[in-house]
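Morning, everyone. I have one structure to go through today, so please look at the screen.

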Amino acid sequence: MLDLKLLRNSTKEVGALLKRKGYEFDLVNWSDLENQRKILQSETESLQSELNTLSKEIGELKRSNKDSSGKEKNATELTARIKTKSKDLDILLKTINQIVMGMPNIPDEEVPDGKDESDNIEVRTFGAVPKFNFTPLDHLELGSLHKGIDMESGAKITGSRFSVLKSDFAKLQRSLISFMMDVHVNENGYKEVYVPFIVNSQSLEGTGQLPKFEEDLFKLEGDQSYYLAPTAEVPVSNLLRDEIIESKQLPIKLVSHTPCFRSEAGSYGKDTKGIMRLHQFEKVELVQAVEEGDSDEALEELTIHAESILKKLEIPYRVVLLCTGDLGFASAKTYDLEAWVPSQNTYREISSCSNFRSFQARRMMARWKNPSNGKTELLNTINGSGLALSRTLLALVENFQQKDGSIVIPDALREYFKADSIKQN
């Protein structure tokens with residue numbers, strides 16, 4: 001969430017920045033609520049001061065064995081008035097908090113203005129787009145040829161947008177998971193964690209999925225407010241919730257392999273065919289937590305770490321800087337990694353690497369202790385997929401397919417897959 005002091009002291013400036021992201025800040029309503037808050041707080045504090053003075057007078061009268069009944073009656077009346085004012089103030093503060101919780105993060109200055117993904121800026125590319133001397137198959141056709149992707153069984157077991165991977169394709173996914181985890185732990189310096197797949201509402205509020213994006217979540221029935229994790233970012237980042245980290249522990253760099261569950265409520269009609277957009281998918285997620293002055297560098301580093309997987313797998317890709325219209329709710333700045341998908345003749349997102357600055361940390365109360373002044377300060381959080389598994393598998397099989405239908409396994413993956421290609425049985 002945004003800093004309340006910033007909102008109160010620079011209201012118009014914040015409103016202008018949020019407008020870049022398409023959020024209309026109701027300045028009139030905010031000013032009205034803030035005026036009410038100031039009046040109520042002032043009245044409550046004044047009444048409390050009056051009560052404190054009266055309490056001292058009552059104490060003095062009692063110590064002198066004098067009659068204090070009149071003042072005690074006044075104190076009772078003051079206490080009732082304070083209780084009423086405090087209740088009104090609590091209601092008002094909850095209203096203000098709900099508004100602030102619904103506000104997106106402020107975009108960084110270097111984020112370009114734009115309406116949608118067409119306005120994103122290409123930063124760099126890697127690898128040559130393959131040129132086939134035959135008509136390439138898409139991932140579903142390759143999956144059918146090798147009996148490796150079974151959408152029908154996924155639909156039978158659960159429903160649409162669920163899949164079953166079989167034989168060499170299931171093995172390929174398992175190999176990719178082990179490969180990615182080893183690279184990030186052994187080469188990129190991340191600590192591996194294994195986290196729950198079910199999260200509570202506080203965790204989702206902490207990273208910004210609640211309250212705004214509840215329709216995109218799978219909520220479990222029961223007395224508890226439990227949800228299936230929509231992204232590994234949620235449980236991993238919330239390891240820092242309500243924690244105060246010593247400076248010597250920074251930077252914190254965590255990696256985790258988890259399944260993710262999304263209803264895809266906001267993507268009706270998009271990528272309904274195949275494994276590009278599923279209700280259940282898996283990711284290897286990278287999370288960093290740093291002090292404020294290091295977050296720009298941390299975003300660049302984390303993005304390079306995610307890129308390292310694509311480079312080692314020799315999958316052509318590009319990096320784009322997201323414009324304000326495509327920037328996520330909680331993000332201040334995001335790079336998308338987009339892998340080349342031959343069947344679509346375009347690049348498609350395979351990872352989003354984002355700097356949230358203190359936006360998530362303020363919601364989670366994730367802090368670090370600054371040894372220079374002894375004070376606690378908010379962490380800055382950064383995360384990104386390193387990488388999304390189903391999309392990595394899709395890009396790999398399409399880019400490395402051969403004329404005879406076989407699929408070459410990239411050199412870096414062969415020690416995990418234990419073969420140099422996938423051939424028809």
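Start with W340 and Y347, which are both buried. Keep in mind that this is a predicted model. The ring centres of W340 and Y347 are 5.1 Å apart and the planes stand at 75°, so this counts as an edge-to-face pair, the cut-off for that being over 60 degrees. Searching the whole structure gives eight aromatic pairs. Elsewhere, F213, F329 and F359 form a cluster linked by ring pairs.

Rings also come up with charges. K171 has its charged end over the ring of F417, at 4.4 Å from the ring centre. For K253, the charged end is over the ring of Y190, and the distance to the centre is 5.0 Å.

Now a charged residue in a loop. E264 is found between β8 (252-261) and β9 (280-290). Is E264 buried or exposed? Its relative accessibility is 12%, and buried means under 20%, so E264 counts as buried. What does E264 touch, leaving out residues up to four places away in sequence? The list is R161, D216, R277, L278 and H279.

Last, the overall numbers. The protein has 13 helices and 17 strands. Its C-alpha trace spans about 105 × 45 × 40 Å along the principal axes. Of the 425 residues, 49% are buried. Among contacts with a separation of 6 or more, 73% are between residues 24 or more positions apart. The accessible surface is about 21300 Å², and carbon and sulfur atoms account for 47% of that. On charge, there are 55 positive and 65 negative side chains, with the centres of the two sets 3 Å apart.

Methods
Residues numbered from 1 in each chain as written. Predicted model: local features only at pLDDT ≥ 70, side-chain atom pairs only at ≥ 80, totals over all residues. Heavy atoms only, no water. Helix = DSSP H or I, 4+ residues; strand = E, 2+ residues; numbered from the N terminus. Buried < 20%, exposed > 50% of the residue type's maximum accessible area, 1.4 Å probe, protein only. Contact = heavy atoms within 4.5 Å. Areas by Shrake-Rupley, 256 points an atom, 1.4 Å probe, with all protein chains shown as cover. Lys, Arg positive; Asp, Glu negative; His and termini not counted. Charge placed at Lys NZ, Arg CZ, Asp CG, Glu CD. Phe/Tyr/Trp six-rings, centres within 6.5 Å; stacked < 30°, edge-to-face > 60°. Lys NZ or Arg CZ within 6 Å of the ring centre and 35° of its normal.
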